Amino acid sequence: MNEKNNSLLVYTLIYFGFLYIPVLFLPIFSFNDANYMSFPLAGFTTDHYEEMWSKRNLHKALWASVKVGVVASVVSTAIALLAAKAFVRYKFRGQNVSYGAIMMPFLIPEIILAVSILIIWINLGFPLGLVPVTIGHILFCTPFAMLILIARIEGFDFSLEEASRDLGENAWGTFYRVSLPLYLPGIIAALLLSFIISFDEFILAFFLSGSDATLPMYMWNQMRFVKKLPHVLALGAVIIVFTTFIVLLAFWLRNVGQGKEKQDIAIKL
Amino acid sequence: MFQAWRNLYSKSDNVKAYSLLSPALFLIILVMLIPMALMLSFSSFTQVSMMEIDFTPTVQRYIDFFEKSLLVSLLIKSVKISFIVTLITLLTAYPVCYYIAFYVKKNKMLWLVLLTLPFWTSYLLRVFSWKIILGTKGVFNSTLLGAGIISEPLTFLMYSEEAVIITLTHAWAAFALLPLYVSLEKIDFSYIEAARDLGLSKFEVFWKVTFPLSLPGVIGAILIIFIPTVGDYVTPALIGGTEGRMLSNMIQAYFGKINNIPLGAASATIMLTTVILITAIVSYTTKRLTQRLS
């Protein structure tokens with residue numbers, strides 16, 4: 001289509017405003033010298049950031065979220081890599097059913113996943129804490145990681161792997177020397193995005209973390225107190241900048257070496 | 001024996017595929033299906049006291065649910081809110097995807113990344129930012145007060161169904177944008193040109209060609225917005241107040257301070273069954289509709 005459509009362009013730009021402006025209020029008010037978030041702005045300050053840095057519980061929560069995020073992203077990416085290869089490489093019986101089953105955590109309301117894990121966990125007599133949160137996050141991140149990896153592996157020339165096997169390399173060597181370097185950008189993208197999903201995840205942590213707060217749980221607990229809001233804003237602003245950076249890095253990596261435009265997380269439901 | 005297994009392995013794609021899939025399927029079975037089955041069985045028990053549960057099977061919890069008008073009305077409200085959110089999200093996102101798919105020439109990928117970027121920032125923070133906007137002393141009220149348009153803060157902005165709907169529409173936008181864009185992008189442009197050459201008006205081309213071809217994306221978006229938002233907890237808890245409360249908030253209370261796990265499990269089961277039924281009906285009718293249109 002070679003025409004232009006200015007009214008649609010204007011609409012699209014307004015829509016961008018709707019998506020972005022609400023999120024930008026967090027960083028704006030994090031530098032505002034007042035306890036309330038209202039206009040006009042009261043003046044510039046970095047006090048909220050200093051206050052944020054001084055909170056010991058926040059450091060603990062940050063460390064908890066990093067631990068959970070690293071374990072959850074590594075395990076879910078590993079599981080997703082094998083599954084993605086099965087879907088791209090082979091035609092098999094029950095393919096659609098298996099695909100649907102693995103995508104289910106993506107679709108089912110998170111609160112259902114959370115309460116069912118909660119029931120089984122407390123009835124097995126295990127204590128709540130970061131372990132059940134991590135298990136829940138692995139379940140929740142796997143479909144995302146798989147979508148990213150499928151998009152990346154699609155079009156991969158599997159004869160390279162066969163050639164390597166024919167030339168006498170064993171399965172592990174083939175994976176290490178042939179498959180891994182080719183999959184690597186996709187794997188890193190999946191790792192980064194699953195880390196971010198786990199890092200920002202709230203509902204599973206809310207039900208399963210017990211007294212071991214993750215970062216979103218820490219923010220949730222602080223949000224109830226008006227006086228503590230400003231440092232939550234500062235923390236939120238830092239998280240938004242960090243998340244945006246990681247996600248852009250992941251998107252860039254995912255597209256490295258792919259000449260044509262690749263469809264985004266192609267949702268095949 | 002080993003040799004036999006190896007032969008089988010090298011022969012069958014089924015065996016190969018399922019050995020690769022086994023960790024993922026184990027995960028789904030152990031961490032999702034078994035816990036959900038257990039949740040289902042808990043919905044047939046009775047909470048006797050704080051710590052004690054009577055394990056005699058009964059359907060009493062389901063009767064309890066439908067006898068409590070609060071729970072039934074919250075279920076209806078949750079479905080209603082999600083339905084409106086899904087509809088608004090689809091209607092507002094469709095033109096954007098249409099524009100990017102058909103009018104944007106360069107850097108389509110960049111547009112798409114920019115559209116989905118806010119979705120990756122913490123859900124909690126996105127919901128929280130609406131609290132900043134809609135709150136009594138928030139951005140909206142303080143601006144209107146400052147401009148002299150109103151003399152007292154508008155209290156109905158926060159803690160209402162409308163506030164929940166606006167916030168959810170913002171929070172779930174990316175889930176409509178991606179499937180819609182993917183389905184519009186796939187449309188072979190020669191169909192549209194052919195329809196035009198046959199003398200159809202712009203409006204007819206859209207309704208008879210473009211829209212039916214984009215229906216898979218529409219169905220995808222309906223599924224991934226409607227089902228999860230029915231069970232949303234964060235938005236009603238932060239933004240909804242008593243007015244905008246949804247079923248999830250009660251489910252959480254049954255697992256938390258009310259401590260009636262069986263009734264919580266029954267409520268969760270009813271919620272899940274309801275959304276599955278509704279989406280099954282919606283996707284069935286849309287499929288029938290597509291067949292008739294094409």
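In this predicted model, chain A averages a pLDDT of 85, and 93% of its residues score at least 70; pLDDT is the predictor's confidence in each residue, from 0 to 100.

| Element of chain A | Residues | Mean pLDDT |
|---|---|---|
| Helix 7 | residues 159-166 | 79, the lowest |
| Helix 9 | residues 203-208 | 95, the highest |

Helices are DSSP runs (H or I, at least four residues), numbered from the N terminus. Over residues 259-269 of chain A, pLDDT stays under 50. Where pLDDT is low, the predicted coordinates should not be read in detail.

Residues are numbered from 1 along each chain as its sequence is written, and chains are lettered from A in the order in which they are written. As this is a predicted model, local features need pLDDT of at least 70, side-chain atom pairs count only at pLDDT 80 or more, and totals for chains, interfaces and linings use all residues.

The contact involves 75 residues of chain A and 72 residues of chain B, where two residues are in contact if their C-beta atoms, placed from the backbone, lie within 7 Å. On the side of chain A that touches chain B, helix 1 of chain A gives the largest share, 13 residues.

Helix 3 of chain A and helix 2 (residues 13-42) of chain B have axes 8 Å apart and pack at an angle of about 135°.

Note on methods:
Helices (H or I, at least four residues) and strands (E, at least two) are DSSP runs, numbered from the N terminus. Axes are lines fitted to C-alpha atoms, for helices over the stretch in contact, and angles run from 0 to 180 degrees between N-to-C directions.
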